[in-house]
Amino acid sequence: MVEQDAGFKIRRYRSQSLRLLNSAFTEMRSGRWMRSEDLLWGSLTQAVKGVALSRGDVIEGDEPVRAYAARLGQECQDR
């Protein structure tokens with residue numbers, strides 16, 4: 001049951017991330033840069049939470065998301 005819940009949450013994070021990313025691109029095309037920045041951050045946050053959960057980690061809040069994203073970048077030898 002726990003694996004099913006995690007799988008559902010991972011799919012939900014992915015779906016939300018892609019929806020927010022699409023909305024960010026729409027806002028960029030309209031020249032609404034501040035709004036697109038917020039949407040991009042939301043998309044990244046959802047994506048990072050999904051990756052974390054797929055690895056068995058649960059993260060909440062902006063700072064833990066930033067730290068986890070930085071750690072992922074180091075693991076992948078990316079910035």
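Among contacts between residues at least 6 apart in sequence, 33% join residues at least 24 apart in this protein. The model behind that figure is a predicted one. As for the overall fold, the secondary structure amounts to 3 helices and 0 strands, so read from the N terminus the order of elements is simply α-α-α. The C-alpha trace spans about 45 × 30 × 20 Å along its principal axes. Of the 79 residues, 28% count as buried.

As for handedness, helix 2 passes helix 3 in a left-handed crossing. On the helix 2 side, the contact is made by Trp 41, Thr 45, Val 48, Lys 49, Val 51 and Ala 52. Helix 3 answers with Asp 62, Val 65, Arg 66, Tyr 68, Ala 69 and Leu 72.

In soluble globular proteins, nonpolar side chains tend to be buried together. Here the largest nonpolar core has 6 residues, namely Val 48, Ala 52, Ile 59, Val 65, Tyr 68 and Leu 72. Helix 2, which covers 33-54, and helix 3, which covers 62-75, each supply at least two of the core residues. Helix 3 gives the largest share, with 3 residues. Val 48 shows how the pieces meet: setting aside neighbours within four places in sequence, Val 48 is in contact with Ile 59, Val 65, Tyr 68 and Ala 69. Of these partners, Ile 59, Val 65 and Tyr 68 belong to the core as well.

With a relative accessible area of 3%, Ser 36 is buried, given that the cut-off for buried is under 20%. Not counting residues up to four places away in sequence, Ser 36 touches Ala 24, Glu 27 and Met 28. Phe 25 is 11 residues from Ser 36 in sequence, and in space the two are 7.0 Å apart, C-alpha to C-alpha.

Further along, Gly 42 has its place in helix 2 too. Gly 42 has a relative accessible area of 18% and is buried, a value that falls under the 20% cut-off. Gly 42 and Leu 21 are 21 residues apart along the chain, yet their C-alpha atoms are separated by 8.2 Å.

Ser 43, again, is found in helix 2. A relative accessible area of 7% makes Ser 43 buried. Leaving aside neighbours within four places in sequence, Ser 43 is in contact with Ser 17, Leu 20 and Leu 21.

Note on methods. Residues numbered from 1 in each chain as written. Predicted model: local features only at pLDDT ≥ 70, side-chain atom pairs only at ≥ 80, totals over all residues. Heavy atoms only, no water. Core = buried A, V, L, I, M, F, W, Y, C linked by side-chain atoms within 4.5 Å. Buried < 20%, exposed > 50% of the residue type's maximum accessible area, 1.4 Å probe, protein only. Helix = DSSP H or I, 4+ residues; strand = E, 2+ residues; numbered from the N terminus. Contact = heavy atoms within 4.5 Å. Left-handed = near helix turned anticlockwise from the far one by under 90°.
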